[in-house]
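Reader: I've got a structure to look at and I'm new to this. Can we go through it together?

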Amino acid sequence: MSLTVQLETPTGGKYEQPIGLFINNEWVKGVDGKTFETTNPATEEVITSVHEATEKDVDIAVAAARKAFEGEWRRVTPEDRGKLLVKLGDLFDKNADLLASVESLDNGKAISMAKVDVALCAGVLRYYGGWADKIEGKTLDLNPDTFAYIRKEPVGVCGQIIPWNFPLLMWAWKIGPAIATGNVVVIKTAEQTPLSALVAANLTKEAGFPPGVINVISGFGKIAGAALSSHMDVDKIAFTGSTVVGRTILKAAAGSNLKKVTLELGGKSPNIVFDDADIDNAISWVNFGIFFNHGQCCCAGSRIYVQEGIYDKFVQRFKERAQKNVVGDPFAKDTFQGPQVSKVQFDRIMNYIKEGKDAGATVEIGGNRKGDKGYFIEPTIFSNVTENMKIVQEEIFGPVCSISKFKTKEEVIKIGNNTTYGLAAAVHTKDLNTAIEVSNALRAGTVWVNAYNVLHHQMPFGGFKESGIGRELGEAALENYTQTKSVCIRLGDALFG
Ligand code: NAI
Ligand code: MG
């Protein structure tokens, strides 16, 4: 099999899709000669096959990264690292139509949303480009005979394992802070969505990154992902995905070289609406909170709690609103919700829907597959739920939510926190005291007030409790990619002892 194929998307036309492994700024085949297929979830048809990285390829990519880290990359100044990231961001803008259409093709997300993702990628890459020459240490005043200073040094070779729900955006979130701080990366994409990151890999070369600094490989979690996380020469793993795999990665780090680990995992986020909220506003954010990206968001507002005074009216109007979400062809201009990413995810979600029905919850709307081709699921709202139901406790990662009634602020804080997760939450109210009191009491890494899913590269993002370790975005992400070195200098000629 060659290293590129010609593909076509409804909005991007014909283009050359790289399908190799991107190592050392070159396209190569996997050592074992394996390939795997990727599917268009809207049609269930195979798009193409890509070359698969196995353990040996991970070794090669890690060695290439190590060589770059010890060699040429060290001599690139912080200012120039910044320029490279800014250039890469600009190339994302320049190639936005292509990147967005490849993203929609492979992942199934609506093209209008994919375009937003690409713009966000450009933003985050430029943002971290700006940080590259602002990674500063400190001097310490210990005593007259000693001068000490603190350096913020890169961690080294970073393995980055990303999921399929935002293939390009997670790529940019991971690469931005790692490169800004002088690290090198081997990034493994999700097996469901390898294509857009390979297109982006070409842009890293065009931007001028030296060979080995950014390596992009396609492969399976249990093979390439496991090889990266247990590798003795990988200094750090940054992972986004399921909590189950997050635990496996921590164990792999513990069982190998104790590499640093940051994890961005699942969620079961509460979205709380008080009686005094602006109801129209709240409904549109609640709708966006759960149905955006087909519910495939780690921070999805999947547990909706509405105060008793407006509950009946809210449910009625939320149903009407959700039924207006356009579900269908990702390439149609007005589509809001495309298919779920894969057959596995589709089946998992349909099973949860069945669990909810069997447990006695009421299906207010949806509850079924939509159409008979493609992994489309109707926006689904469950009411009459109890806190111990699986659909209220477990991450569904689809267009499915539960809605229930609460009486008091104290009660909703308690139920809001009744989860092992702690990624996000939201409060809808016009009362400033309620907004602040509830926001402070919720154990979550991000709390929105009168909004939902508003992410920005300046604002740290990550989880409390089992939703993860470390923060992405903002200045906070730089912490994950630097280590502190103290240099202590004895001054003068005073003898010791
Ligand atoms: P996953 O956690 O298996 O996949 C995410 C990434 O981890 C992929 O790149 C995969 O290849 C890799 N991976 C899988 N097993 C690995 C291993 N043993 N060692 C190293 N890397 C490994 O998630 P999956 O199975 O695709 O989705 C299952 C559930 O995970 C979803 O239903 C959802 O609840 C959650 N999820 C959460 C995401 C988030 O944004 N936090 C993203 C994707 C999934
Ligand atoms: Mg695909």
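This is a predicted model: local features need pLDDT of at least 70, side-chain atom pairs count only at pLDDT 80 or more; totals for chains, interfaces and linings use all residues.

Reader: Is Glu264 buried or exposed?

Author: Glu264 has a relative accessible area of 3%. Buried means under 20%. So Glu264 counts as buried.

Reader: Which feature does UniProt place at Glu264?

Author: Glu264 sits in strand 13, which covers residues 260-264. The UniProt entry is an unreviewed one, and the feature it places at Glu264 is "active site".

Reader: How many residues of strand 9 are buried?

Author: Look at both ways the residues point: Val157, Gly159 and Ile161 go one way, Cys158 and Gln160 the other, and all are buried. Strand 9 spans residues 157-161 and is mostly covered. The count of buried residues is 5 of 5.

Reader: Which residue is the bridge partner of Gly159 in strand 10?

Author: Strand 9 and strand 10 (residues 184-188) run parallel, joined by 5 bridges. In strand 10, the partner of Gly159 is Val186.

Reader: What is the handedness of the crossover from strand 9 to strand 10?

Author: Follow the chain from strand 9 through helix 5 (residues 167-180) and on to strand 10. This β-α-β crossover is right-handed.

Key: Residues are numbered from 1 along each chain as its sequence is written. Chains are lettered from A and ligands numbered from 1 in the order in which they are written. Side-chain values use heavy atoms; hydrogens and water are left out. UniProt positions are given in the numbering used here, feature names are shortened, and annotations may be inferred rather than shown by experiment. Helices (H or I, at least four residues) and strands (E, at least two) are DSSP runs, numbered from the N terminus. Buried means under 20% relative accessible area, exposed over 50%, partly exposed in between (1.4 Å probe, protein chains only). Two strands pair if DSSP finds at least two bridges between them. A crossover is right-handed if, with the strands pointing away from the viewer, the path from the first strand over the helix to the second runs clockwise.
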